Amino acid sequence: MLTATYILVSLSVEQASIRLSLLAFQKYMHVQLRQQSSLSLTQLQYAGDWLSRLYQGGYWRKVEMYLIPAIRQATPHADGLLDEINGLNHAALESINVVQQRAAAAIDSSEQQAEQLCAAIDAFCGALLQRLEKEERELFALARKVIVGEAWFAIAYQFLAHDARAQEARRGKAQVLPFVLPAPGTPDGAAETTGNAAAAGETAVPAVAQPLRAQA
């Protein structure tokens, strides 16, 4: 069905955008962390903030908002796969909590600090990249099998409404998901973000956030 193909292609484009954001953040932090053995509180806050942005952005994806509910409604036999996907979310969340707890405790700098942060970022990105791959290979295939007829048209309508709201939001202060490189020449390498983030009036390093809780 053409409608199903349109929807799944649209979701693949969304997946690709998120994958690029994760890889850009991971690569940038690796470059920064290779240059030093200890970190400041500001750097820990910066990393924790971007991990939180990327994680929370996952709940606003069309896959999460529209496709998964449609699959749940179409079949009672998807719980195993959805539990696996949710487990990868929990793994990513644990990595965020590690970074936020270290920042909240204001741990003294040590030679292991940069290495531990790098490991937490790798675990976070790895878990979400695995989730994206599982969704594309297994969840999308399952959707083709269990979602039929009018249900696809209902999802397509939701997509159009979603895109209209997103376009309207971009005229004001839109939520920024993609990772944006910080401006050069700022203290501790944690500058205000450029591009969309600056346009939205957001700062790169807010106060330390409370540990997140996974959503069911």
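Helices here (H or I, at least four residues) and strands (E, at least two) are DSSP runs, numbered from the N terminus. Glu115 is found in one of these helices, H5. The model is a predicted one, where local features need pLDDT of at least 70, side-chain atom pairs count only at pLDDT 80 or more, and totals for chains, interfaces and linings use all residues. Residues are numbered from 1 along each chain as its sequence is written, and side-chain values use heavy atoms, with hydrogens and water left out.

Next come the salt bridges, 11 in the structure, each a side-chain nitrogen of Lys or Arg within 4 Å of a carboxyl oxygen of Asp or Glu. Arg61 pairs with Glu64 at 3.9 Å between the closest N and O atoms, and Arg61 is buried at 4% relative accessible area. Glu64 also bridges to Arg131, this time at 2.5 Å. Since Glu64 belongs to helix H3 and Arg131 to H5, that contact ties together parts 67 residues apart in sequence. Arg131 then meets Glu135, again in a salt bridge, with 2.5 Å from N to O; both residues are buried. Through shared partners, Arg61, Glu64, Arg131 and Glu135 end up in one salt-bridge network.

As for the aromatics, a search of the whole structure turns up 2 pairs (rings of Phe, Tyr and Trp, its six-membered ring, with centres within 6.5 Å; planes under 30 degrees apart are stacked, over 60 edge-to-face, the rest tilted). Tyr55 and Tyr59 are edge-to-face, with centres 5.6 Å apart and planes at 80°. Tyr55 is buried at 3% relative accessibility, and Tyr59 is buried at 12%. The Tyr66–Phe159 pair is tilted, at 5.9 Å and 55°, and it links helix H3 (residues 62–74) to helix H6 (residues 150–170), parts 93 residues apart in sequence.

Key. Buried means under 20% relative accessible area, exposed over 50%, partly exposed in between (1.4 Å probe, protein chains only).
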